[in-house]
Amino acid sequence: MKLYISNYLSNSISILDYKDFKAEEILLDEGTYPHHFCINKKQKIMYLPSSSNGTMYILDLELKKIIDSMSIGGNLSQIGISKEELYISNEDSNSIYIINEHTLEPIGIIGVGETPHGFDFNEKENKLYVPCKNSIYCIDTLSKCIDREIKIDFKSWHIKVDIKKNEVYVSTLDGSVIVLDGFNMKIKHIINQFLIPVEICFNYSKSEVYIADLGYKKVVILDYNNLEIKNKIEINGNPQGLAISRNEELLFVSDTQNNSLKVYNTTNHTFINEIKTGKEPTTIICL
């Protein structure tokens, strides 16, 4: 079982075996600035969109080097894979690019609202949810058409789909987390007890929701059933990325202030270990 962490300022990827917490670092080309990324586990390929030069890089995880790249242009942010297709959000063109994963040929472009930073899939329902400034979009990944759109009075930022309840959690730059019904896109809950909420992840075995609050330098733990605050983890740094181990016993938090990955026990939320990474670690993917 391994963790993959993007190090924005050191242009590198850290790979961590979380059984023994040993880490290695893959150095990328200068100017790559990796942030969000996705991985084809079967092919051992990582896709990295660059917000600085509009290029998508393809990293071979076995060779530990970039084997190809594709110039798209604009401020590329989130990237994801669904049914052998790559989806990439472009904050400059306010759109989602769709590319064939194998041929890298363009499939289509879907125009959305202003500055689509991230997105998340509900593979079971064939939906893609995209948060934009003052709006959230639901896109059908089969027809490649916008299924629903909701206007909101919040600056939405990051998003996470709860596949169990088919709900959509959206962190906003206004200090709130919004919970939507994934079917009709109606707001079910607004949680206002944050400063700068960023990443969100779920622990279904322990009925908990974890939310990294960059502003208050904490990870807030909500009860999954009633969304009340159960606990808080003081990070003593700047929490950005979140990931949970596959057995849901470990919580991983990237700390951009201390350039490290911090590990916590999900049973009692206690600190376990801190592992140094490259400069400004952000996104974490656990495989």
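Tutor: On a 1 Å grid laid over the protein atoms alone, a pocket is an open set of points where a 1.4 Å probe fits, with protein on both sides within 12 Å along at least five of seven lines, and its lining residues are those with an atom within 4 Å of a point. Grid points are joined across faces, edges and corners, and the volume is the space filled by probe spheres set on those points. The model here is predicted, which is why local features need pLDDT of at least 70 and side-chain atom pairs count only at pLDDT 80 or more, while totals for chains, interfaces and linings use all residues. Residues are numbered from 1 along each chain as its sequence is written, and side-chain values use heavy atoms, with hydrogens and water left out.

Student: What volume does the largest pocket have, by that rule?

Tutor: The largest pocket comes to about 1200 Å³. Its lining consists of 37 residues, and those nearest the centre are Asp120, Lys160, Ile284, Ile285 and Cys286.

Student: Which strands supply at least two residues of the lining of the largest pocket?

Tutor: Taking a strand as a DSSP run of E with at least two residues, numbered from the N terminus, the contributors of two or more lining residues include E4 (38-40), E8 (76-82), E12 (120-122), E14 (145-162) and E26 (281-286).

Student: How do you know the class make-up of the lining of the largest pocket?

Tutor: Ala, Val, Leu, Ile, Met, Phe, Trp, Tyr, Cys and Pro count as nonpolar, Asp, Glu, Lys and Arg as charged, and the others, Gly among them, as polar. Sorted in this way, the lining of the largest pocket holds 21 nonpolar, nine polar and seven charged residues. The second largest pocket has about 240 Å³ of space, and of its 14 lining residues Lys2, Tyr4, Lys44, Leu61 and Leu287 are closest to the centre. Its lining divides into six nonpolar, one polar and seven charged residues.

Student: What makes Lys144 and Glu85 a salt bridge?

Tutor: The rule asks for a side-chain nitrogen of Lys or Arg within 4 Å of a carboxyl oxygen of Asp or Glu. The closest N and O atoms of Lys144 and Glu85 are 3.2 Å apart, so the pair meets that limit. The two residues are 59 apart in the chain, Lys144 being in the loop between strand E13 (127-140) and E14, and Glu85 in strand E9 (residues 85-90). In total, the structure holds twelve salt bridges.

Student: What links Lys127, Asp140 and Asp147?

Tutor: They are joined in a network of salt bridges: Lys127 pairs with Asp140 at 3.2 Å between the closest N and O atoms, and Asp147 pairs with Lys127, also at 3.2 Å. Asp147 lies in strand E14 and Lys127 in strand E13, so this pair ties together parts that are 20 residues apart in sequence. Lys127 is buried at 16%, Asp140 is buried at 16%, and Asp147 is partly exposed at 42%.

Student: How do you know how many disulfides there are?

Tutor: A disulfide needs two cysteine sulfur atoms within 2.5 Å, and by this rule the count is zero. The sulfur of Cys132 is 12 Å from the closest cysteine sulfur, in Cys138, and is therefore too far for a bond. For Cys201 the closest cysteine sulfur is in Cys286, 10 Å away, which is again too far. Cys132 is buried at 0%, and Cys201 is buried at 6%.

Student: Why is the pair of Phe202 and Tyr204 called stacked?

Tutor: Rings of Phe, Tyr and Trp (its six-membered ring) pair if their centres lie within 6.5 Å, and planes under 30 degrees apart count as stacked, over 60 as edge-to-face and the rest as tilted. The centres of Phe202 and Tyr204 are 5.8 Å apart and their planes are at 15°, so the pair is stacked. Phe119 and Phe121, at 5.7 Å and 75°, form an edge-to-face pair, and both residues are buried. Phe202 and Tyr204 also belong to one aromatic cluster with Tyr169 and Tyr224.

Terms used. Helices (H or I, at least four residues) and strands (E, at least two) are DSSP runs, numbered from the N terminus. Buried means under 20% relative accessible area, exposed over 50%, partly exposed in between (1.4 Å probe, protein chains only).
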